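Please keep the sequence and the coordinates at hand while reading.

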Amino acid sequence: MLFMTPNVIKNFLSKKATRLYPFEVREPFEGYRGELVNDIDGCIFCGMCSKKCPSQCITVDRTTGIWECDPYACIYCSICVEACPTKCLSMNNVHRKPAATKSMYTLQGVPPKPKKKAADTAEDKPAKEDK
Amino acid sequence: MAKTIIPFGPQHPVLPEPVHLKLVVEDEIVIEAIPALGYVHRGLEKLTEIRDYHQMIQVVERVCGICSCLHAVCFCHGIEELMKVDVPRRAKYLRVIWGELHRMHSHLLWLGLFADAFGFESVFQQFWKIREKIMDILEATAGNRVIISVNVVGGTRYDISPEQCRWILQELNGVEAGINALQRTMMDDYTVKHRTVGVGVLTREQAIELGAAGPTLRGSGVAQDMRMLKYAAFDELDFEPVVETGGDSYSRSNVRFRETLQSIDLIRQAISKLPEGPINVPVKGNPEGEIITRVEQPRGELMYYIKASGKKYLDRVRIRTPTFANVPPLLAMVGGIELANVPVVVLSIDPCISCTER
């Protein structure tokens, strides 16, 4: 009987276990995986992130230079960050705020110029066929 | 009085899990229970056709929200064995640490819910208050609270630094003190005993015959724990399964209570023996062959069957979860008890329907 008494007294004397969120927000942990951020200037539009993404929430368009992520389909695993060859992707430690409407995280960058070699071989091919 | 059928679930005030039981009652006594499943089926196994075996880790983690790390460990074990990958020792120890943290937070969550089932709201909140420390450890070390996605084929993605190890040990002292302070409230209280002792009895013979798993099996006096298979780093850790012989709801909750403390001990052992070295090895190629792997989830034995044919996409992944094994024992437990005790008995197997239906 009354086994809870020490706990009750302790809880009376100690500070609250809960916070008055959103007025009081806890400092996020350093390694917390929050929002995905792309530094679009460093992006080479290789599409590695979209290939590795388990939820396939990233679309990369090489021709138009549009990098798009659906943050509401993102599972915050940071696999894309690890796969990125130029390290332009990163995750900050702030969690995404609740929202009434869904939106896309779209970035417009400079698309890479088509490789010269690829253009050359395309021109060569019909010539080979003639032979 | 004539037999009446009372529907129980899938939405029920005390039972958070979407399981539907048709309870055949006579007066207030349950004669028989007929289960109906399939409310949260998501077809995750089918996803193996469009997700490669690296991406499947994130898929299997979502089979169950509360033991996600162990699902990934089981899956990675299978793939690693098929590909003959030698996982670094440090990664194995890290898997044990995160796995045991998952077991602890699962058991603490369950202990809270169990107390809630018989109307012990304050103990419910106390257990969840303790659990929050475990969630903080997971968030600080792995980057997320619940689905931590630390496992990859060939090891782990994150490391635990020596400072973090010290912090974890310090936090665990607080967790242990908190759990011990609640020990008598949960296990010695007259009211709690009145609701749990001798209720929903599953004998040792029944448990073996019906194929019970995990704490449900160990609560009936069978010392079977998949950690005895020495997967990950359990071969170097001092471990003995927790067994109770009562077979009733009280024994099952006692098994979980003691396992929570045992997990603290295992994490301490793992941290003290944590070897230096790399945390993962690069993996090349695709798996080929078929394999069955088993790990101990908080709810019992988790089994993965993986079939691969040297392609990026696996041919088949079959997941058998402990709650699936615990449904027949549950039906045996429910027979003959009072209707008011049904929620407590159903909760005593720690049902995870999300796991069961995948």
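## Backbone points of note

B:Arg358 is found in the segment that follows α12 (353-357) of chain B, where helices (H or I, at least four residues) and strands (E, at least two) are DSSP runs numbered from the N terminus. Although B:Arg358 is not a glycine, its phi is positive, at about 50°. The model is a predicted one, in which local features need pLDDT of at least 70 and side-chain atom pairs count only at pLDDT 80 or more, while totals for chains, interfaces and linings use all residues. Residues are numbered from 1 along each chain as its sequence is written, and chains are lettered from A and ligands numbered from 1 in the order in which they are written.

B:Arg358 counts as buried because 21 other C-beta atoms lie within 10 Å; a residue is buried if 20 or more other C-beta atoms, placed from the backbone, lie within 10 Å of its own, exposed if 12 or fewer, and partly exposed in between. B:Lys230, which is not a glycine either, has a positive phi near 65°, and its place is in the loop between α8 (215-218) and α9 (249-273) of chain B. B:Lys230 is exposed, because 12 other C-beta atoms lie within 10 Å. In chain A, the peptide bond from A:Tyr21 to A:Pro22 is cis, with omega near 5°, and A:Pro22 is found in the loop between α1 (5-13) and β1 (36-38) of that chain.

## Nonpolar cores

The largest nonpolar core has 103 residues, of which B:Phe75 and B:Ile97 touch the most other members; such a core is a set of buried Ala, Val, Leu, Ile, Met, Phe, Trp, Tyr and Cys residues joined through C-beta atoms within 7 Å. Helix α3 (residues 89-117) of chain B supplies the largest share of this core, 15 residues. Apart from it lies another core, of 12 residues, including A:Leu36, A:Cys57, A:Cys74 and A:Cys80.

Leaving aside neighbours within four places in sequence, B:Phe75 is in contact with B:Met56, B:Ile57, B:Val60 and B:Tyr304, a contact requiring that the C-beta atoms of two residues, placed from the backbone, lie within 7 Å. B:Ile57, in helix α1 of chain B, is buried because it has 23 C-beta neighbours inside 10 Å. Residues up to four places away in sequence again not counted, B:Ile57 touches B:Ala72, B:Phe75, B:Cys76, B:Asn151 and B:Val152. B:Ile134, in helix α4 of chain B, is buried with 27 other C-beta atoms within 10 Å, and one of the residues that it touches is B:Leu108. B:Ile134 and B:Leu108 are 26 residues apart in sequence, with their C-alpha atoms 9.6 Å apart in space.

## Sheet and packed helices

In chain B, 3 strands form an open antiparallel sheet in the order β6-β7-β8, where two strands pair if DSSP finds at least two bridges between them. The edge strands, each pairing on one side only, are β6 (288-297) and β8 (316-320) of chain B. Strand β7 (residues 300-309) of chain B pairs with β8(B) over 5 bridges in the antiparallel sense, and B:Met303 has B:Arg320 as its bridge partner in β8(B). Helix α2 (residues 68-82) of chain B packs on the sheet by touching β6 and β7 of chain B, and its direction makes about 150° with that of β6(B). Helix α10 (residues 322-334) of chain B touches β6, β7 and β8 of chain B, and its direction makes about 130° with that of β7(B).

α2(B) and α3(B) pack at an angle of about 140°, with their axes 8 Å apart; axes are lines fitted to C-alpha atoms, for helices over the stretch in contact, and angles run from 0 to 180 degrees between N-to-C directions. The two helices α2(B) and α3(B) are therefore oblique to each other, since angles under 35 degrees count as roughly parallel, over 145 as roughly antiparallel, 65 to 115 as roughly perpendicular and the rest as oblique. The contact is made by B:Cys69, B:Leu70 and B:Val73 of α2(B) together with B:Arg95, B:Trp98, B:Gly99 and B:His102 of α3(B).

## Contact between the chains

Chain A has 4 helices and 5 strands, and buried residues make up 15% of its 131 residues. Across the interface, 19 residues of chain B are in contact with 14 residues of chain A. On the side of chain B that touches chain A, the largest share, 5 residues, comes from α4(B).
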